[in-house]
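Please read it with the structure in view.

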Amino acid sequence: MKRVSDFRDRLWVARGDEIANWWRRREVVTIKQKKRESTLTILVDSPISVPGLSVFVTVPRKNAVMRIVDISNTSSVRVKKIDSFRSVLIFDKHKEGKTVLSLVFDDGR
């Protein structure tokens, strides 16, 4: 327990039924993407709110920085870099309905 407590904010602990319930909520979400020129558009459609919804994106080049240039509603979305090839969109407060995000990728230099 001492070793686990050292992780504090980096450790997520949940009961099995909580995890199963989150996945049940997540499975009703549909995610579509469309690439046009230098912009990637992602459509997230959900009939219910899903707290902690995340969408992983493989960036087009090593170390490219993903940036949101437009969002269709008031969902709170953060971009977090995972590694040189992947980033994640984290919806802190995803509302039910449709969200359209427009993303661009900078060189990161």
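Predicted model: local features only at pLDDT ≥ 70, side-chain atom pairs only at ≥ 80, totals over all residues.

Two strands are said to pair if DSSP finds at least two bridges between them, and strands themselves are DSSP runs of E, at least two residues long, numbered from the N terminus.

**Sheet**

In these terms, β4 and β7 pair in the antiparallel sense, over six bridges, and within this pairing Ile-68 has Leu-103 of β7 as its bridge partner. The two strands belong to an open sheet of four strands, which run in the order β1-β2-β7-β4 with antiparallel pairing. Its edges are formed by β1 (30-36) and β4 (65-71), each of which pairs on one side only, and from one strand to the next the twist averages 25°.

Strand β2 also holds Ser-46. Is this residue buried or exposed? Because its relative accessibility is 1%, Ser-46 counts as buried, the cut-off for that class being under 20%. Between Ser-46 and Lys-2 there are 40 Å from C-alpha to C-alpha, at a separation of 44 residues in sequence.

**Nonpolar core**

The largest nonpolar core comprises 17 residues, and those with the most contacts inside it are Ile-42, Val-44, Val-57, Leu-89, Phe-91 and Phe-105. At least two residues of this core come from each of β2 (39-46), β3, β6 and β7 (97-106).

**Pockets**

| Pocket | Volume | Lining by class |
|---|---|---|
| Largest | about 290 Å³ | six nonpolar, one polar, four charged |

Around the largest pocket, the lining consists of Asp-9, Arg-10, Leu-11, Trp-12, Ala-14, Glu-18, Ile-19, Asn-21, Trp-22, Trp-23 and Arg-25. The second largest pocket is lined by Trp-22, Trp-23, Arg-26, Gly-52, Ser-54, Phe-56, Arg-78, Lys-80, Ile-82, Val-88 and Ile-90. Two or more residues of this second lining are given by each of α2 (16-26), β3 (53-58), β5 (76-81) and β6 (86-93), and the largest share, three residues, comes from α2.

Key. Residues numbered from 1 in each chain as written. Heavy atoms only, no water. 1 Å grid on protein atoms, 1.4 Å probe; cavity = no way out; pocket = protein on both sides within 12 Å on 5 of 7 lines; lining within 4 Å. Points joined across faces, edges and corners; volume = space filled by probe spheres on them. Nonpolar A, V, L, I, M, F, W, Y, C, P; charged D, E, K, R; others polar. Core = buried A, V, L, I, M, F, W, Y, C linked by side-chain atoms within 4.5 Å. Buried < 20%, exposed > 50% of the residue type's maximum accessible area, 1.4 Å probe, protein only. Axes fitted to C-alpha atoms, helices over the stretch in contact; angles between N-to-C directions.
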